[in-house]
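User: I have just opened this one and would like to be walked through it. Could you take my questions as they come?
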Amino acid sequence: MAIHTDILTSYKKINEAKVDTLLQKEIEANNKKIVVLDDDPTGVQTVHDISVYTNWTKDSIRQGFEEENNLFYVLTNSRGFTVEQTTKAHNEIAEIVDEVAKERGKEYIFISRSDSTLRGHYPLETTLLKESYEKNTGKVIDGEIMCPFFKEGGRFTIDNVHYVKYGEELVPANETEFAKDKTFGYIAATMPEYIEEKTKGAYKAEDVTCISLEDIRNVNIDKIEAQLMEVKDFNKIIVNAVDYVDVKVFCIALYRAMAKGKVFMFRTAAAIVKVMGAVTDQPLLEREQMVVKETTNGGIVVVGSHTDKTTKQVECLKELKDIESIELDATLVKDDAAFEAEVQRCLDKEEACIKAGKTVCCYTTRDLITADTGDKEDELRLSVKISDAVQSLVGRLSVTPSFVIAKGGITSSDVGTKALAVQKANVLGQIRPGIPVWQTGNESKFPLTPYVIFPGNVGEITTLKEAVEVLIKK
């Protein structure tokens, strides 16, 4: 049942300055490198001046460990993978991370960053990481912390129910379109029930440790720490949170428990990464901070996401008079020749527009394309084929756009890694809340070009239009 957003401001106020001081002390005492495995590129939506590696070669992982920052991201793109591909990737990453950590004499923590609306390969990914970590380090992971709170995207966890903000209402995640995802859907109404559903009963709802907002707002750090100290056998911990200060209070207790020897795995949205990494706040980015190479060419927006929010955002974007809309007919995906001809038609049109100084928005047919078999893996393969076509609308460009925006998690990952061939990017910050901007590296197809990674499920109806306006305004 939906509740009003008034509840977000109804909780007891906390002295955040005092909490920050306590947290900073705990972070400084912790010497572990945080390795964030991100299942799509949107996970950097809360940080800035942090590196993202789009591969997991030993050289890349070594660079991450050598950085002064206490965290770095490895983009797995596994939300667009099959189970087999996900398994292979996570096992490879876990082995390489451990090899480098031993070379450097450094301990490490894995955070599995995934969707704030609870979609993704769970519990597969964290189970794989747990098994590898325990085998490689000889340590036992006591528990798994789940923190899907993501303020910038309107995701809040209250009384163990995870909510998605729609206007002035908070709607339980299981009542949203995201829970109906063909590959990663779920029906559970509470987080403990979600865990039981996804683990097929291996972890029972009644055994989940829940960190309450009441204890957090009373800054009852000792009680929260005691709860964490009792967790064993990889049981699950749910963090209730409606603001960053709630995550900060929890993290004080978390770091204290870890200092006493407790070991945890993390399955989270983007917010807790910012807190654990001590990443500071910064204002939203302006055009001059992103566009460092001026050009008369137009920019490009590519849209693969099919969420209702994305469709409305695209319609709003079309209101800009300087935007040329190009629709890719994804219904042709099952006919290879016809689909290739359609991709080429779109590519020719966008090239002409970009050269003429117009920004183009290329989007797929809004109808969802389903596999004739009804098999989830076949559905995923079809969506990957469409996403590959969408990324090629950037990757096959012979003209350099002034900026690139990709809408949707799988699409933005494919555009970043395949089309732009980015191996390492610097996260500049956010163009709008929860919408990160990479600065592409010198090795990429379009070096030093701002690349905006726009999640399919974030922002208001006008947010995509606003982001484009920031980039085209001179």
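User: Which residues of helix H11 are buried?

Analyst: In helix H11, which spans residues 308-317, the buried ones are Lys309, Thr310, Gln313, Val314, Cys316 and Leu317. Buried means under 20% relative accessible area, exposed means over 50%, and partly exposed is in between, with a 1.4 Å probe and protein chains only. Helices (H or I, at least four residues) and strands (E, at least two) are DSSP runs, numbered from the N terminus. This is a predicted model, in which local features need pLDDT of at least 70 and side-chain atom pairs count only at pLDDT 80 or more, while totals for chains, interfaces and linings use all residues. Residues are numbered from 1 along each chain as its sequence is written, and side-chain values use heavy atoms, with hydrogens and water left out.

User: Where is asparagine 457, and what does it touch?

Analyst: Asparagine 457 sits in the loop between S19 and H15, and it is buried, with a relative accessible area of 6%. Leaving aside neighbours within four places in sequence, asparagine 457 is in contact (heavy atoms within 4.5 Å) with Asp115, Ser116, Thr117, Arg119, Arg155, Phe178 and Lys309. Lys309 is also one of the buried residues of H11.

User: Changing topic, how many disulfides are there?

Analyst: The structure holds zero disulfides, a disulfide being a pair of cysteine sulfur atoms within 2.5 Å. For cysteine 147, the nearest cysteine sulfur belongs to cysteine 251 and is 7.4 Å away, whereas for cysteine 210 the nearest is that of cysteine 147, at 13 Å.

User: Which peptide bond is cis around proline 123?

Analyst: The bond joining tyrosine 122 and proline 123 is cis, with omega about 10 degrees, and proline 123 is found in the loop between strand S5 (108-113) and H4. Most peptide bonds are trans, and most residues other than glycine have a negative phi.

User: What is phi at valine 219 and at alanine 278?

Analyst: Phi is near 50 degrees at valine 219, a positive value in a residue other than glycine, and near 55 degrees at alanine 278, again positive in a residue other than glycine. Valine 219 lies in the loop between helix H6 (213-217) and helix H7 (221-230), and alanine 278 in the loop between helix H9 (271-276) and helix H10 (287-290). Valine 219 is partly exposed at 32% relative accessible area, and alanine 278 is partly exposed at 35%.

User: Back to tyrosine 122 and proline 123: what about lysine 198, which contacts them?

Analyst: Lysine 198 belongs to helix H5, residues 191-198, and is buried, with a relative accessible area of 15%. Leaving aside neighbours within four places in sequence, lysine 198 is in contact with Tyr122, Pro123, Phe184, Gly185 and Tyr186.
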